[in-house]
Amino acid sequence: MKDIRSTKKVRQNRLRARLSGTSARPRLAVFRSLKHITAQVINDEIGKTLVAATDKELVAGDKKGKTPVEVAGYVGKLVGEKAKTKGIKEVVFDRGGVAYHGRVKALADSARESGLIF
């Protein structure tokens, strides 16, 4: 029986075969662990991260009393605002092999609200 890491890697490879970030439409990659969530806007042509945001940028007092979904929404808003300042409007969404549900969906919705198109 395969372990969880190897099946997740298969799902990631399947997604990455179809998705790639260009200079016109970089890739918005989401990494979700049990404690944290991170989003990066990546140009795969040159292999460079253009914008990044994480929930670690929140002050501990701001995190207190908030659900993980609310924190993910903050990260999506933050990455959207940072991308706007860099002049990035359109991205390709890479959910990182996890289901489009819960924290990943909240991050995507708030990134859309802050001006990113995908």
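**Salt bridges, pair by pair**

Modeller: Start in helix 4 (residues 103-113): Asp-109 and Arg-112 are three residues apart there, so about one helical turn separates them. The two form a salt bridge, with the closest N and O atoms 3.4 Å apart. Asp-109 is partly exposed, at a relative accessible area of 27%. Arg-112 also counts as partly exposed, at 34% relative accessibility. Keep in mind that this is a predicted model.

That pair is one of six salt bridges in the structure. Side chains of opposite charge can pair when their charged atoms come close.

Now turn to Arg-27 and Asp-94. Their side chains meet in a salt bridge at 2.8 Å, N to O. Arg-27 belongs to strand 1 (residues 27-32) and Asp-94 to strand 4 (residues 92-94), so this contact ties together parts that lie 67 residues apart in sequence. How accessible is Arg-27, buried or exposed? Its relative accessibility is 8%, so Arg-27 counts as buried. The cut-off for buried is under 20%. Asp-94 is at 0%, so Asp-94 counts as buried too. The pair does not stand alone. Asp-44 joins Arg-27 and Asp-94 in a network of salt bridges.

Next comes Lys-82 with Glu-57. Their side chains meet in a salt bridge at 3.2 Å, N to O. This pair links distant parts of the chain, 25 residues apart. Lys-82 sits in helix 3 (residues 68-85). Glu-57 sits in the loop between strand 3 (48-54) and helix 2 (60-63). Lys-82 is partly exposed, with a relative accessible area of 29%. Glu-57 counts as partly exposed as well, at 37% relative accessibility.

Strand 3 deserves a word of its own. Strand 2 (residues 37-43) pairs with strand 3 in the antiparallel sense, over six bridges. Asn-43 has Lys-48 in strand 3 as its bridge partner. The two strands form a hairpin with four residues between them. Gly-47 lies in that turn and has a positive phi of about 70°.

To recap by accessibility: Arg-27 is buried, and Asp-94 is buried. By contrast, Lys-82 is partly exposed, and Glu-57 is partly exposed.

Notes. Residues numbered from 1 in each chain as written. Predicted model: local features only at pLDDT ≥ 70, side-chain atom pairs only at ≥ 80, totals over all residues. Heavy atoms only, no water. Salt bridge = Lys/Arg side-chain N within 4 Å of Asp/Glu carboxyl O. Buried < 20%, exposed > 50% of the residue type's maximum accessible area, 1.4 Å probe, protein only. Pairing = 2+ DSSP bridges.
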